[in-house]
Amino acid sequence: GECLEARVLRNGEEMACQLQLCDPSPLVPTRTSSEESGILDYAILGGLVFRILSEPYLEDTFGEEWSTKTCFGLSEIYHSGRRQFADEQVVVLSSVLAHTVNL
């Protein structure tokens, strides 16, 4: 990332310092690495299908105008969420398949 020269006031004295900036890491990616390769990341557990929340998922589920629709709070997570750690992801229950454990 780029460096930012800053001046701070510490103990009544002005000090110069450099801050290294990093790219923002959104909580909801525009594409996951598996989506770029054409493979979807998902898990099926007892008929419950879980997927990583991503922009393509929102488009597929709610249509191209998903950002202007009410998406049950998902659009708010997309627009305001930032990762706390590198591999943090939002996982959603995308569908329920017929299975004896969930009938």
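How many helices and strands are there in the protein?

## Overall fold

The protein has three helices and five strands, where helices (H or I, at least four residues) and strands (E, at least two) are DSSP runs numbered from the N terminus. Along the sequence these elements follow the pattern β-β-α-β-β-α-α-β.

The model is predicted, so local features need pLDDT of at least 70 and side-chain atom pairs count only at pLDDT 80 or more, while totals for chains, interfaces and linings use all residues. Residues are numbered from 1 along each chain as its sequence is written, and side-chain values use heavy atoms, with hydrogens and water left out.

## Burial and contacts

Of the 103 residues in the protein, 26% are buried. Buried means under 20% relative accessible area, exposed over 50%, and partly exposed in between (1.4 Å probe, protein chains only). The protein exposes about 7,900 Å², and carbon and sulfur atoms supply 52% of that area; accessible areas come from the Shrake-Rupley method with a 1.4 Å probe, and for residues only the protein chains shown count as cover.

A contact means heavy atoms within 4.5 Å. Among contacts between residues at least 6 apart in sequence, 49% join residues at least 24 apart.

## Nonpolar core

The largest nonpolar core has eleven residues: Leu-27, Val-28, Leu-53, Tyr-57, Leu-58, Phe-62, Trp-66, Leu-74, Tyr-78, Val-90 and Val-92. Helix 2 (55-62) and helix 3 (74-80) each supply at least two residues of this core, and the largest share, three residues, comes from helix 2. A core here is a set of buried Ala, Val, Leu, Ile, Met, Phe, Trp, Tyr and Cys residues joined through side-chain atoms within 4.5 Å. In soluble globular proteins, nonpolar side chains tend to be buried together.

Leaving aside residues up to four places away in sequence, Val-92 touches Val-49, Phe-50, Arg-51, Leu-53, Tyr-57 and Leu-74.

## Surface features

Leu-40, Tyr-42, Ile-44 and Leu-97 form a nonpolar surface patch with about 400 Å² of accessible area together. Patches are made of residues with over 30% relative accessible area and no salt bridge, with like charges joined within 9 Å and nonpolar side chains (Val, Leu, Ile, Met, Phe, Trp, Tyr) within 5 Å. Leu-97 lies in the segment after strand 5 (91-96) and is partly exposed, at 39% relative accessibility.

One salt bridge is counted, the term being a side-chain nitrogen of Lys or Arg within 4 Å of a carboxyl oxygen of Asp or Glu. The side chains of Arg-7 and Glu-14 form a salt bridge at 3.4 Å, N to O. Arg-7 is exposed, with a relative accessible area of 61%, and Glu-14 is exposed at 55%.
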